[in-house]
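Colleague: I would like to go through this model with you, one feature at a time. Please give the general idea first and then the case at hand.

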Amino acid sequence: MIASPLTSAPLFHLGPAPITEAVVVTWAIMAALVAGGFLVSRRLSLVPSTTQAAFELIVDTVDGQIRDTMQVEPGPYRAFIGTLFVFIFVANWSTLVPGVQPPTAHLETDAALAFLVFLAVIWFGIRAGGIRGYLATFASPSPIMIPLNFIESVTRTFSLFVRLFGNVMSGVFMIGIVLSLAGLLVPIPLMALDLLTGAVQAYIFAILAMVFIAGAVSDQKPAPDISSKRTLP
Amino acid sequence: MNWLAFVSIISAAIAVSFGAIGPALAEGRAVAAAMDAIARQPESASTISRTLFVGLAMIETMAIYCLVIALLLLFANPLLK
């Protein structure tokens with residue numbers, strides 16, 4: 001009997017809270033990312049070293065994507081979107097370490113990430129135009145759409161985390177099935193496909209988060225304001 | 001094995017098999033259109049293939065939803081508890 005991919009067994013208990021393997025892997029990834037970010041940004045210079053140039057390339061790519069997708073300056077959104085992308089990317093590729101299951105293959109991690117996006121949409125929306133301005137975006141095409149927009153803001157969060165969970169979990173699940181049917185080296189092409197899926201899903205998660213935030217932010221601004229800002233040298 | 005488990009297994013198989021038809025057709029059309037576009041404009045191949053990958057992942061999600069439903073039926077069926 002194959003273990004259910006929808007439940008996770010606790011590894012140990014920390015007081016009353018059960019700690020699963022996914023949580024431990026998440027902590028390890030968080031520690032690695034924080035330590036890596038600290039080490040890289042400790043000695044920044046105007047003439048970048050090779051390492052600094054490589055990491056600046058990542059930041060620049062994230063900036064370019066935010067600029068292309070949201071049509072705004074990336075400053076306030078870089079930290080959130082960039083962290084989201086890098087964390088999901090590293091989490092999906094953590095399956096490269098033998099014996100580690102990616103934490104995004106469990107429903108709880110994805111639900112937490114999607115909930116963060118849900119909160120970030122509200123936060124950036126209120127910051128851009130106040131509570132009245134944010135609530136006005138729900139009536140954006142016409143007031144008839146208000147209930148539909150409310151429902152959509154919940155269902156799109158739901159589909160966001162089911163998409164990430166389903167893609168990563170199905171990869172892990174398929175590898176498990178093939179490994180139980182065939183020999184040792186047979187699932188390697190599937191694992192390569194899994195890495196591609198993981199990278200694309202991290203990109204899609206970040207893009208969708210940008211689109212949702214842009215929907216809450218850019219509806220409130222008058223259009224000429226943005227275009228005049230973009231034509232500045 | 002009672003008949004609820006029987007029906008659950010059958011419907012899980014139906015969910016995956018029929019849920020795969022639509023995304024398969026859609027992915028075929030998307031790849032064909034992308035090939036057509038690349039043949040017309042080889043210089044924009046990188047942009048087209050990047051968009052194609054994202055689009056394919058989006059389409060594939062529909063089949064993944066069906067897989068999630070099938071796994072829910074098999075592993076977390078509330079009727080079989």
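Modeller: Helices (H or I, at least four residues) and strands (E, at least two) are DSSP runs, numbered from the N terminus. This is a predicted model, in which local features need pLDDT of at least 70, side-chain atom pairs count only at pLDDT 80 or more, and totals for chains, interfaces and linings use all residues. Residues are numbered from 1 along each chain as its sequence is written, and chains are lettered from A and ligands numbered from 1 in the order in which they are written.

Colleague: How spread out is chain B for its 81 residues?

Modeller: The radius of gyration is taken over C-alpha atoms, and the globule rule is 2.2 Å times the number of residues to the power 0.38. For chain B the radius is 18 Å, well over the 12 Å from the rule, so the chain is more spread out than a compact globule. Its C-alpha atoms fill a box of roughly 60 × 15 × 10 Å along the principal axes.

Colleague: At what angle do the helices H1 and H2 of chain B pack?

Modeller: Axes are lines fitted to C-alpha atoms, for helices over the stretch in contact, and angles run from 0 to 180 degrees between N-to-C directions. Angles under 35 degrees count as roughly parallel, over 145 as roughly antiparallel, 65 to 115 as roughly perpendicular and the rest as oblique. H1(B), residues 3-40, and H2(B), residues 45-75, pack at about 175 degrees with axes 8 Å apart. The two are therefore roughly antiparallel. Their contact has 23 nonpolar, six polar and two charged residues; Ala, Val, Leu, Ile, Met, Phe, Trp, Tyr, Cys and Pro count as nonpolar, Asp, Glu, Lys and Arg as charged, and the others, Gly among them, as polar.

Colleague: What is the order of elements in chain A?

Modeller: From the N terminus, chain A runs β-β-α-α-α-α-α-α-α, that is, seven helices and two strands. The C-alpha box of chain A is roughly 60 × 55 × 40 Å along the principal axes.

Colleague: What percentage of chain A is buried?

Modeller: A residue is buried if 20 or more other C-beta atoms lie within 10 Å of its own, exposed if 12 or fewer, and partly exposed in between, with C-beta atoms placed from the backbone. Buried residues are 26% of the 233 in chain A; in chain B they are 15% of 81.

Colleague: Which residues have the most contacts inside the largest nonpolar core?

Modeller: Such a core is a set of buried Ala, Val, Leu, Ile, Met, Phe, Trp, Tyr and Cys residues joined through C-beta atoms within 7 Å. The largest has 46 residues, and A:Ile81, A:Leu84, A:Phe205, A:Ala206, A:Ala209 and A:Ile213 have the most contacts inside it. H6(A) gives the largest share of this core, eleven residues.

Colleague: How do H5(A) and H2(B) cross?

Modeller: Their axes come within 9 Å and cross at roughly 75 degrees, and the helices are therefore roughly perpendicular. Residues are in contact if their C-beta atoms, placed from the backbone, lie within 7 Å. Here A:Val162, A:Arg163, A:Gly166, A:Asn167 and A:Ser170 meet B:Thr61, B:Ile64, B:Tyr65, B:Leu67 and B:Val68.

Colleague: How many residues does each chain bring to the contact between them?

Modeller: Chain A brings twelve and chain B 13. H5(A) supplies the largest share of the chain A side, five residues.

Terms used
Two residues are in contact if their C-beta atoms, placed from the backbone, lie within 7 Å.
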